[in-house]
Amino acid sequence: MGVGSFFTSKLDEAIGWARKYSIFQYPFVTACCGMEYMATACSHYDVDRFGAGLPRFSPRQADVLFVVGTISHKMAPVLKRIYDQMTEPKWVVAFGVCTCTGGFYDNYATVQGIDTIIPVDVYIPGCPPRPESVLDGLMKLQDKIAVGAQRY
Amino acid sequence: MDGGAILETLRARFGAALTDTHAQHGDHTAVVDRGAIVDVLKFCRDDAHLGFDMLSDLTAVDYLKYPGREDGPRFEVVYHLYSVPHNHRVRLKVRVDEDDPVVPTAVPVWPIANWLEREVWDMFGIRFDGHPDPRRLLMYEEFVGHALRKDYPINRRQPLIGPRT
């Protein structure tokens with residue numbers, strides 16, 4: 001290993017460390033999971049401890065897309081467009097069973113998992129997930145961000 | 001006006017166009033011939049004693065596998081009428097067959113029927129003749145089939161639609 005590769009790997013590490021504590025999330029909230037998302041984001045569970053306290057309501061300024069709630073086929077093109085509008089690097093979190101697999105909405109109207117539309121980095125199951133599991137998912141996402149692992 | 005008297009008024013006015021009437025638990029129902037339904041609705045709205053000024057619901061039922069109804073007409077379009085001044089209700093039904101699922105529109109009588117009939121078209125595939133805007137209401141244009149028909153497979157997946165350009 002030469003001096004140059006040592007330097008770039010250390011730089012990547014530094015960038016990863018900085019990125020994982022400056023998560024600007026875009027909450028794509030469509031259903032009841034939004035309540036649990038709000039509970040996690042507010043002071044009691046305080047998502048700001050992980051540097052994710054500032055949601056940006058513009059996809060162009062966000063780097064993590066939180067898909068919170070059931071996605072219907074009618075909503076699917078909107079979600080795809082929001083994802084396409086985000087700048088790289090970007091990560092996607094599927095929040096709740098409806099976004100992970102469609103959940104119990106096994107019917108004509110619901111997308112059976114958003115990974116049929118966009119790539120997903122972290123799946124948080126639960127109906128809705130407890131704030132603890134949301135924070136667990138967020139920390140797993142931080143680990144991915146730190147090593148620069150992405151699925152886009 | 002009591003429900004039995006409402007049905008009597010309708011029967012006296014329309015006679016054979018009322019193919020069937022029944023009452024269950026105080027809910028009075030008249031089955032109306034398809035060709036007469038708009039006249040019956042107009043009469044219900046305009047007659048001073050009936051005074052049904054509100055169409056509280058318009059929906060449909062698919063009797064494809066219903067016990068005892070397998071060989072009858074497949075669909076029933078159901079009109080729920082309510083009178084605010086008289087505080088009484090009546091239910092009207094129109095039976096339509098699968099080969100010819102068309103019912104004359106009620107939009108000229110009650111404008112609220114516009115969206116309700118669009119929903120029935122979307123979910124059951126029953127067309128409303130003369131409807132001013134016969135598009136789907138809930139599902140998207142590219143959707144194939146009608147989701148609340150009993151022969152729509154529960155696990156059928158529709159092709160995903162991309163962003164509109």
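S2(A), helix H3 (residues 76–85) of chain A and S3(A) form a right-handed β-α-β unit. I'm working from a predicted model here, so I checked the confidence scores too; they come at the end.

**Entry 1: the strands of that unit.** I looked up how the two strands sit together. S2 of chain A covers residues 64–68, and its pairing with S3(A) is parallel, with five bridges.

Entry 2: I then went to S4 of chain A, residues 122–124. S3(A) pairs with S4 in the parallel sense as well, over three bridges. Here I wrote down A:Phe95, which has A:Ile124 as its bridge partner in S4(A).

**Entry 3: how covered is S3(A)?** I went through residues 91–95 and found five of five buried, so I put the strand down as mostly covered. Which side chains go which way? A:Trp91, A:Val93 and A:Phe95 point to one side of S3(A), A:Val92 and A:Ala94 to the other, and all of them are buried.

**Entry 4: chain A as a whole.** I stepped back and listed the elements. Chain A has five helices and four strands, in the order α-β-α-β-α-β-α-β-α from the N terminus. Its radius of gyration is 16 Å, close to the 15 Å from the globule rule for 152 residues, so I call chain A as compact as a globular protein of that length. Its C-alpha atoms fill a box of roughly 60 × 35 × 25 Å along the principal axes. Buried residues come to 37% of the 152. Of the contacts between residues at least 6 apart in sequence, 81% join residues at least 24 apart.

**Entry 5: chain B.** I get three helices and seven strands, running α-β-β-α-β-β-β-β-α-β from the N terminus. The C-alpha trace spans about 55 × 40 × 25 Å along its principal axes. Of its 165 residues, 24% are buried. For contacts between residues at least 6 apart in sequence, I noted that 50% join residues at least 24 apart.

**Entry 6: confidence.** Chain B has an average pLDDT of 88, and 96% of its residues score at least 70. For the complex, the predictor gives an ipTM of 0.71 and a pTM of 0.79.

Notes:
Residues are numbered from 1 along each chain as its sequence is written. Chains are lettered from A and ligands numbered from 1 in the order in which they are written. This is a predicted model: local features need pLDDT of at least 70, side-chain atom pairs count only at pLDDT 80 or more; totals for chains, interfaces and linings use all residues. A residue is buried if 20 or more other C-beta atoms lie within 10 Å of its own, exposed if 12 or fewer, and partly exposed in between; C-beta atoms are placed from the backbone. Two residues are in contact if their C-beta atoms, placed from the backbone, lie within 7 Å. pLDDT is the predictor's confidence in each residue, from 0 to 100. Two strands pair if DSSP finds at least two bridges between them. A crossover is right-handed if, with the strands pointing away from the viewer, the path from the first strand over the helix to the second runs clockwise. The radius of gyration is taken over C-alpha atoms; the globule rule is 2.2 Å times the number of residues to the power 0.38.
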